[in-house]
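Work through the exercises below with the model open beside you. Try each task before you read its solution.

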Amino acid sequence: MEAGKQSQTPRKTSNGMEENIAGLLTYTLGFITGILFLIIEKENKFVRFHAMQSSIVFGSLFVVSLVLNVIPVIGVIASSLLLPPLSMIIWIVLMVKAYQGHLYKIPWIGDFSEKQLEKIK
């Protein structure tokens, strides 16, 4: 089996969805759906991991955007020209990987997400 890849048979979550669909949905509205799935999914580790990673990644991007918008000229340029394409690429990659059943970890953030999930068990 490929590293980070779940089994080929789709498993169900505690709310009846297939885990790859639920994993994809954790990213659809950024940190909002990440937090929502952290609240509603109590058992499936795959979905909870993606929900936590979504919350951290997109919550961080949201905060960075707010901070950059306060910085005159350079910050505004960075938040309007650099951050949106970067966010879109990350968003698409994470949704595709979750849908494919991969437990894809963004460097540092993926490990941090796992540690946070262990704390809130």
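**Exercise 1. Which residues does asparagine 20 touch, not counting residues up to four places away in sequence?**

Solution. Asparagine 20 touches Phe46, Ala98, Tyr99 and Gly101; contact means heavy atoms within 4.5 Å. This is a predicted model, where local features need pLDDT of at least 70, side-chain atom pairs count only at pLDDT 80 or more, and totals for chains, interfaces and linings use all residues. Residues are numbered from 1 along each chain as its sequence is written, and side-chain values use heavy atoms, with hydrogens and water left out.

Asparagine 20 sits in helix H1, residues 19–25. Helices are DSSP runs of H or I with at least four residues, strands are runs of E with at least two, and both are numbered from the N terminus.

Then check its cover. Asparagine 20 has a relative accessible area of 15%, so it is buried. Buried means under 20% relative accessible area, exposed over 50%, and partly exposed in between, with a 1.4 Å probe and protein chains only.

Last, look at the side chain. One of its polar atoms lies 3.0 Å from the backbone oxygen of tyrosine 99.

**Exercise 2. Arginine 48 is buried: how far away is the nearest side chain of opposite charge?**

Solution. Start with the location: arginine 48 belongs to helix H3, residues 45–70. The nearest side chain of opposite charge is glutamate 41, 6.9 Å away. Lys and Arg count as positive and Asp and Glu as negative, while His and the chain ends are not counted.

Arginine 48 has no salt bridge. That term requires a side-chain nitrogen of Lys or Arg within 4 Å of a carboxyl oxygen of Asp or Glu.

Now turn to the backbone. The backbone oxygen of glutamate 41 is 2.7 Å from a polar atom of the arginine 48 side chain.

Finish with the neighbours. Leaving out residues up to four places away in sequence, arginine 48 touches Leu38, Glu41, Lys42, Glu43, Leu117 and Ile120.

**Exercise 3. Is isoleucine 77 buried, partly exposed or exposed?**

Solution. First, find isoleucine 77 in helix H4, residues 74–99. Its relative accessibility is 44%, so it counts as partly exposed.

**Exercise 4. How many helices and strands does the chain have?**

Solution. Count five helices and zero strands. From the N terminus on, the order is α-α-α-α-α. The C-alpha trace spans about 50 × 25 × 25 Å along its principal axes. Of the 121 residues, 37% count as buried. Among contacts with a separation of 6 or more, 63% join residues 24 or more positions apart.

How values were computed. Polar contact = N/O pair within 3.5 Å; in protein donor to acceptor, adjacent residues only side chain to side chain.
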